Amino acid sequence: MNYRIGIALLGKGATNHLHRREVVDALNGRGIQVTFLVREDYMPLLEQLDGCEYSRCSFQQEVGRVAYFRGLFRYLRGLYPASDPGVRQFHKVKNHTRQRLRSRIGDTVLFFLARYHSIMRVAVNLETLLYRNVVVEGIDATQVNQLLILGLGVTGTQMEGDLTWWARSHLLPVVHIVGNYDNLSSQGFRGVPVDRILVWGESMKNDAVNLQAIPEDRVTMIGTIRYDAIAHEIKEDRKTFLISKGLDPGKKTILFAGSMMAYHYYEALAILKELQDSGIDCQMVLRIYPNKGLMDSVYMEPLLAYAAQMSDVYVSLADPHYQSGSRDHEVLQIEETELWHTLKHSDTVINLFSTIALEACVFDRPVIHMWYFAPKGRLAVAPAIYGAYPSLIHNRRLLSYGAIKVATNRKRLLKEIHSALEQPERFHQERVHAVSKECGNLDGYVCERLAEACVEAYADR
């Protein structure tokens, strides 16, 4: 079947999950040509793939009453499912600065409405009236036959929602795809109608049906694109890789994948020293989170200089532009090759409720959440305002598999690290179960299933 698909690159999730050679090759293999629809500020930052077309697109700024009501509906949908106690607690912590009585009363009403997906579906139907005249500049609707969009108009995917409404007004079929394991559970209710959605595995399918009210026959499980390619990207064995990073392959290796707060990186280095002082012959890979606020902060240069003095530490930068001097560039695609090798060759992984916890399970590595913050009064890049984050649906579910331990203080973290290094095989079955439920089928053919689903959706249009 020969036709052209437009793949939207409007957020960093899409640039990491869909702007990939293996995705293009799978679509080309089914006779589908690819045009990437790129938001204007991303265009000069993308390294273009051969054999693809690129169209710069932009969206009209919302103004007036339309902007007000669109924002109100987005806020309402962002509170869903307010019937979940973890979601309610998270939003109460997040919105703790809304002190005025009028705001508190309004939030109470909206929280009540956001308990039910029946009300959310009504909200989406009403939003149709607000998106009748969506204008997307730079895209010719006659030059593409189908769209592939990562994002459902939930929190953080406003442009993806606008593009979906634009496509429907031009009678273009849309296939939606999910980029992260929290997108259907903890990011609110979808803001667009869905004709076909591609998800990872069983847990995400249940979220699509039960939380997002998408009919089951419109949901297709394909697996996880990024994780499916991992096996092909591991080129170096443990000895070769660790020596190339100045580390000792004979030592236990801890991967610390940090947060947006500098405190945790200094804390990780302090923990490494304490482990070594206790007699454990270990070393650490310090993976720096690609957040521009952190990378440009006054903490970064001293941190890098301090880590460089430690012979048993290697600093891994997720921001591929930092060392090149292009530090003002947005991180559209994080560094992956070093990350996958580090996960493969580490003995345990420490993080702060990030996706790396699931990635550690993919590599069958013991994983621990560091979940404590700088004491009050000490400097930090940002305040720890997300105290309720562990209670969100996707985090509760990942913890429910029993594969991940949580440390709420340094003493507990040291104990968990000791246990993980001494008995790495513990919780193996739990990690396998977590990957099966969350990631779906990782058999090397996820991109082929994506292409097949697009062809089927196009035939059924």
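Predicted model: local features only at pLDDT ≥ 70, side-chain atom pairs only at ≥ 80, totals over all residues.
Okay, let's start on the outside. Tyr68, Phe69 and Leu72 make up a nonpolar patch on the surface, and together they have about 290 Å² of accessible area. Leu72 has a relative accessibility of 33%, so it counts as partly exposed. Keep helix 3 in mind, please.

Now let's go looking for empty space. Rolling a probe the size of a water molecule over the atoms shows where empty space is left. How many cavities of 30 Å³ or more are there? The count comes to three, and I'll talk about two of them.

The largest cavity holds about 110 Å³ of space. Its lining includes Pro366, Val367, Ile368, Ala403, Lys405 and Phe427. Strand 13, residues 367-370, and helix 18, residues 410-422, each give at least two residues to that lining. Helix 18 has the largest share, with three residues. If you sort the lining of the largest cavity by class, you get six nonpolar, two polar and four charged residues.

The second largest cavity holds about 60 Å³. Here's where helix 3 comes back: helix 3 and helix 7, which runs 158-169, each supply at least two lining residues. Which helix gives the largest share of this lining? That's helix 7, with four residues. By class, the lining of the second largest cavity has three nonpolar, four polar and four charged residues. Among the residues around this cavity are Arg74, Arg77, Glu127, Tyr131 and Trp165.

Side chains of opposite charge can pair when their charged atoms come close. The structure holds 31 salt bridges, and I've picked a few.

Glu127 and Arg77 meet through their side chains in a salt bridge, at 2.7 Å from N to O. This pair links distant parts of the chain, with Glu127 in helix 6 (residues 117-127) and Arg77 in helix 3, 50 residues apart.

Next up, Arg30 and Glu452, whose side chains form a salt bridge at 2.1 Å, N to O. Here the two partners are 422 residues apart: Arg30 is in the loop between helix 2 and strand 2 (32-39), and Glu452 is in helix 20, residues 446-459. Arg30 counts as partly exposed because its relative accessibility is 32%. Glu452 is at 30%, so it is partly exposed as well.

One more pair: Arg449 and Asp443, with a salt bridge at 3.0 Å, N to O. There's also a network, where salt bridges with shared partners join Arg20, Glu22, Arg226, Glu233, Glu336 and Glu359.

Last stop, a pocket. The second largest pocket holds about 530 Å³ of space. It has 19 lining residues, and those nearest its centre are His19, Glu47, Pro320, Gln333 and Ile334. Helix 1 (12-17) and helix 2 (21-29) each bring at least two residues to that lining. How do the lining residues of this pocket divide by class? They come out as six nonpolar, six polar and seven charged.

Definitions and conventions
Residues numbered from 1 in each chain as written. Heavy atoms only, no water. 1 Å grid on protein atoms, 1.4 Å probe; cavity = no way out; pocket = protein on both sides within 12 Å on 5 of 7 lines; lining within 4 Å. Points joined across faces, edges and corners; volume = space filled by probe spheres on them. Nonpolar A, V, L, I, M, F, W, Y, C, P; charged D, E, K, R; others polar. Patch = residues over 30% accessible without salt bridge, like charges linked within 9 Å, V, L, I, M, F, W, Y side chains within 5 Å. Areas by Shrake-Rupley, 256 points an atom, 1.4 Å probe, with all protein chains shown as cover. Salt bridge = Lys/Arg side-chain N within 4 Å of Asp/Glu carboxyl O. Buried < 20%, exposed > 50% of the residue type's maximum accessible area, 1.4 Å probe, protein only.
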